[in-house]
Amino acid sequence: MAMRFIIMLLGISLSCFPMKSQDKVFFADSQFWDFGTIKEADGMVEHVFRLRNVGKAPERIAAAIPSCTCVFARFPQTEIAPGDEADVTLYFSPSGANGKVWRSVDLTDSRGALLLTLEMCAEVEPCDESIQRRYPASIAPMIYISRTTVPFGYIAPGQSLTKAVYIANASDRGVELDWDVPEEGVLNVQGPKYLGAGKEEALLLSYEMGPQHKDRSFSDVLKFKIDGKPVKGVSLSALCLDKAEKTDRSPSLRYYPSQGKLSGRLLSRKLRGSVKISNAGPGELLISTLRLEGKAAGSSLSSGTRIPSGESVELEVWGEGEIRAELFTNDPQRPYVTITFNQ
């Protein structure tokens, strides 16, 4: 009785798992393909296997189960009649692979039974992983850069500041490197015009501020060209101002709300909005320069506005659409603020 019970249990447990087909259904011209030596940088490769139904009944491939997420197969979705042929395409992505790799895909029917196993191998030449690991951004295929944004911060009039951006070529061929510098002439760039295969070079970016640049903000894009073709660039920003030293008599700028709201009047194209500017410090607050960006933009305040300790003024602006106000001040903690007004 106990033996009968064990046999019954074995029968139930075996029925829970898909069984391989006993009779051969498909014949392939080859169940194995060697891609040979391939480069990770060249991306995905593929091979077509020709299958023929050698069974006695129509058969449909229901699933292709890969041994790794880097390999997959595309197969016909319809039944294949006895004697008919069909193509199954095997795809392999070498991304992250190194050296000799072996992969496979199991083709199964709707019951989970194995119909055929397709296998492949390849010798993968990896990219320069050290470059890709150290360079987080790409501006062109296989061309990497150390950063895509470079904030210079505060630069005093008459002073200059230089920062380096590193660029690397992870491909197997050299490229011509060029760039377009913004026309104003405040930004200067020094660097190589040719970037060899596997080479890393430094680009030296310099903002040189003259007296005429005082109380100005700069937002530039350094546009690159690889072999004469425009590619992605680097965003740069800088502020030219005389930053005051903090003392026990320093002013302290505050404003509320943090973003102004614009509203309009009937039959008028102009929109208006305001924020309150306050001085919470013991010293006098000087708005040395106030600049507005926006169509037909105007303001109730102007450059040279002074706010005594403990007092507030209303900054009212008007214009036709979004307005951006830039304030340069003698507050050592907040020498520069931007306030945006929109609907």
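This is a predicted model: local features need pLDDT of at least 70, side-chain atom pairs count only at pLDDT 80 or more; totals for chains, interfaces and linings use all residues.
Residues are numbered from 1 along each chain as its sequence is written, and side-chain values use heavy atoms, with hydrogens and water left out.

So, aromatics. We have five aromatic pairs in the structure; rings of Phe, Tyr and Trp (its six-membered ring) pair if their centres lie within 6.5 Å, and planes under 30 degrees apart are stacked, over 60 edge-to-face, the rest tilted. Take Phe72 and Tyr91: their ring centres are 4.9 Å apart and the planes sit at 15°, so this pair is stacked. Phe72 belongs to strand β5 (residues 71–74) and Tyr91 to strand β6 (residues 85–92), so the pair links distant parts of the chain, 19 residues apart. Strands here are DSSP runs of E, at least two residues, and helices are runs of H or I, at least four, numbered from the N terminus. Phe72 is partly exposed at 30% relative accessible area, while Tyr91, at 15%, is buried.

Back to Tyr207 and Phe218: that pair is tilted, 6.1 Å centre to centre with 45° between the planes. Together with Phe152 they form one aromatic cluster. For that, NZ of Lys or CZ of Arg must be within 6 Å of the ring centre and within 35 degrees of the ring normal. Lys193 does likewise over Trp179, at 4.1 Å from the ring centre.

Next, a sheet. Four strands make an open, mixed one, in the order β2-β8-β7-β4; strands pair if DSSP finds at least two bridges between them. β2 (32–39) and β4 (63–66) are at the edges with a single partner strand each, so one side of each has no neighbour in the sheet. β4 pairs antiparallel with strand β7 (residues 99–108) over four bridges, and Pro66 has Val105 in β7 as its bridge partner.

Last, confidence. Mean pLDDT, the predictor's per-residue confidence from 0 to 100, is 87 for the chain, with 92% of residues at 70 or more. The lowest is helix α1 (residues 2–15), at a mean of 43.

Definitions and conventions
Buried means under 20% relative accessible area, exposed over 50%, partly exposed in between (1.4 Å probe, protein chains only).
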